[in-house]
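Subject: Structure for your review

Dear colleague,

Please find the sequence and structure below. My notes on one strand and the sheet around it follow.

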Amino acid sequence: MPIDPTQVQHIAALARISLTDAETEAFTRQLSDILDQFEILQSLDTTGVSPTAHVAGLDNVLRDDEPADSLPAGDTLRNAPRRRGDFFQVRAVLDE
Amino acid sequence: MSELWQLSVTRASQLLADREIGSIELTESLLQRIADVDGRLSSYITVTGDAARQQAEAADRRIAAGEAGPLTGIPMQIKDLLCTGGMPTTCASRMLAEYVPVYDATAVGRLREQGAVLLGKGNMDEFGMGSSTENSAFFPTRNPWDVEKVPGGSSGGSAAAVAAGMATFALGTDTGGSIRQPASFCGITGLKPTYGRVSRYGLVAYASSLDQVGPLAQDAADCALILQAIAGHDPHDATSLPDLVPDYAEALNGNVTGLRLGVPREYFGEGMDAGVRAAVTSAIDQLAALGAEIHEVSLPTTEYALACYYIIAPSECSANLARYDGVKYGYSHQGDGDMWEAMERTRQQGFGPEVKRRVMLGAFALSSGYYDAYYHKAQQVRTLIREDFTRAFEHVDALVAPVSPVVAFPIGERSDDPVRMYLVDVYTLPVNIAGLPAMSVPCGFSDGLPVGLQLIGPHLAEARLLNIAHAYQQATDWHRQRPAL
């Protein structure tokens with residue numbers, strides 16, 4: 001299934017990735033090639049087949065709810081690009 | 001007399017236990033080897049020589065005190081996708097170029113507790129996405145058998161390091177073939193365990209229902225020792241299996257008499273190198289000569305596995321990589337713009353082309369209007385692929401097949417054509433889709449480049465696979481062949 005540059009821009013927006021014009025052009029071609037490979041699935045009858053999300057064969061893995069120490073704030077924030085005190089600093093979320 | 005960097009884990013472990021050598025001499029030999037040849041191969045992103053020397057001294061003290069395990073004092077490389085506390089873990093991505101985890105991955109921690117010596121971190125395709133290690137944001141790794149060829153991927157740095165004697169063993173990860181295919185391309189032995197056999201805690205997530213940690217080493221006996229150390233339940237990973245871990249080394253009796261081996265006819269299709277076909281066929285003949293029964297079997301859904309994988313893996317990838325927002329850790333765009341713009345720029349500049357392709361492919365497959373046709377359909381096909389294997393294992397004990405239809409290809413040959421790159425993994429992807437254990441075992445050469453035999457087993461049959469590989473390696477010396485560098 002071929003997709004067009006407008007669709008690629010839409011997908012990139014969903015994925016929160018900015019694209020240059022050159023990237024949009026290349027990804028339009030490459031993603032169309034990849035989607036072509038997926039066409040084969042439509043020829044396989046899967047009526048009534050249940051989907052598999054996971055293969056570990058485990059359900060409802062539970063543990064006792066016991067309080068325990070978590071990472072100290074200093075460790076949690078060690079890799080933060082911007083911090084203020086013991087907080088991650090982010091840009092304004094709401095318009096002023 | 002062979003050099004210390006040439007020793008297998010098993011042999012080095014014996015020499016250390018017998019006090020014939022010390023871990024410090026062994027570690028120095030490996031570090032010197034890295035200094036001598038890694039300039040040509042680029043298999044390491046980070047080498048931590050001083051820390052390694054300290055660990056080797058500590059290991060020697062443990063050995064002297066009689067408190068050593070089989071991996072105490074053995075030098076290793078860890079793929080840079082596995083967290084190493086206090087030491088950079090880049091995932092070969094610009095996004096994590098400066099990232100220093102505050103904890104070890106469980107598999108890494110278990111090896112450190114055993115006293116294994118960490119030499120450094122292995123190069124790879126960015127976030128594990130690729131089949132050639134050309135997708136590293138830093139540099140490509142070269143194949144030790146021919147430096148104009150790729151080492152495979154995504155654990156290409158790990159495979160090249162073991163093949164070239166720059167690590168006695170390595171830990172890699174395998175989401176669609178990323179341990180087996182580079183092991184095959186570099187002529188070493190690799191094991192992808194059953195999904196859940198080894199904890200994924202501290203493995204930087206790519207596709208969480210497919211990812212698994214495993215060893216790359218010289219032979220099956222080495223892989224058994226390493227798997228023994230890393231396998232088992234971990235409260236930090238809810239998908240790790242509670243099943244008891246057997247004694248893998250004890251299972252290596254070298255006897256395959258009467259074992260039923262299935263040859264899946266769909267794994268010998270068009271597009272396979274003649275040299276690969278010849279080497280794999282001759283390995284199957286050898287296993288028959290050792291007493292195994294060979295049966296042809298069919299896995300009819302195989303031709304749909306590539307499409308199934310390239311919907312499921314990118315879908316999980318797009319969800320997992322949503323965490324790279326430039327706020328909590330990793331690269332962060334520092335220029336003008338509001339929150340969304342900064343996030344979009346962060347991800348544009350931090351991710352390489354293949355990562356962007358997969359994130360977008362996943363976002364597309366999960367998006368409104370396409371979910372049923374792609375993601376849901378792929379999950380249904382996943383069921384059929386699992387059922388193929390279940391049916392086959394009612395008749396045979398293990399499957400034997402090629403790892404890849406091709407041998408190592410020239411650097412640059414496939415990097416602009418994603419579909420051609422994906423086809424390299426057509427025989428390894430179904431195993432991850434079904435969550436099964438599988439190995440890559442050196443079985444010959446084609447045009448001077450190594451060929452790998454793939455062994456695939458039912459759920460938790462690692463011991464059986466290791467024994468089949470061991471029996472084969474007792475009778476052949478393909479796994480002892482080393483590149484001249």
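In strand β5 (residues 189–192) of chain B, B:Thr189 and B:Leu191 point one way, while B:Gly190 and B:Lys192 point the other way. All of these residues are buried (under 20% relative accessible area, with exposed over 50% and partly exposed in between, for a 1.4 Å probe and protein chains only). Strands here are DSSP runs of E with at least two residues, numbered from the N terminus.

This is a predicted model, in which local features need pLDDT of at least 70, side-chain atom pairs count only at pLDDT 80 or more, and totals for chains, interfaces and linings use all residues. Residues are numbered from 1 along each chain as its sequence is written, chains are lettered from A and ligands numbered from 1 in the order in which they are written, and side-chain values use heavy atoms, leaving out hydrogens and water.

β5(B) pairs (at least two DSSP bridges between two strands) with strand β6 (residues 213–217) of chain B, antiparallel and over 2 bridges. There, B:Thr189 has B:Ala217 as its bridge partner. Strand β10 (residues 438–446) of chain B also runs antiparallel to β5(B), joined by 3 bridges, and B:Ser440 stands opposite B:Gly190.

These strands belong to an open, mixed sheet of 11 strands in chain B, in the order β1-β3-β2-β4-β6-β5-β10-β11-β9-β7-β8. Because β1 (44–47) and β8 (293–297) of chain B each have a single partner strand, one side of each is left without a neighbour in the sheet.

Yours sincerely

Conventions: Helices (H or I, at least four residues) and strands (E, at least two) are DSSP runs, numbered from the N terminus.
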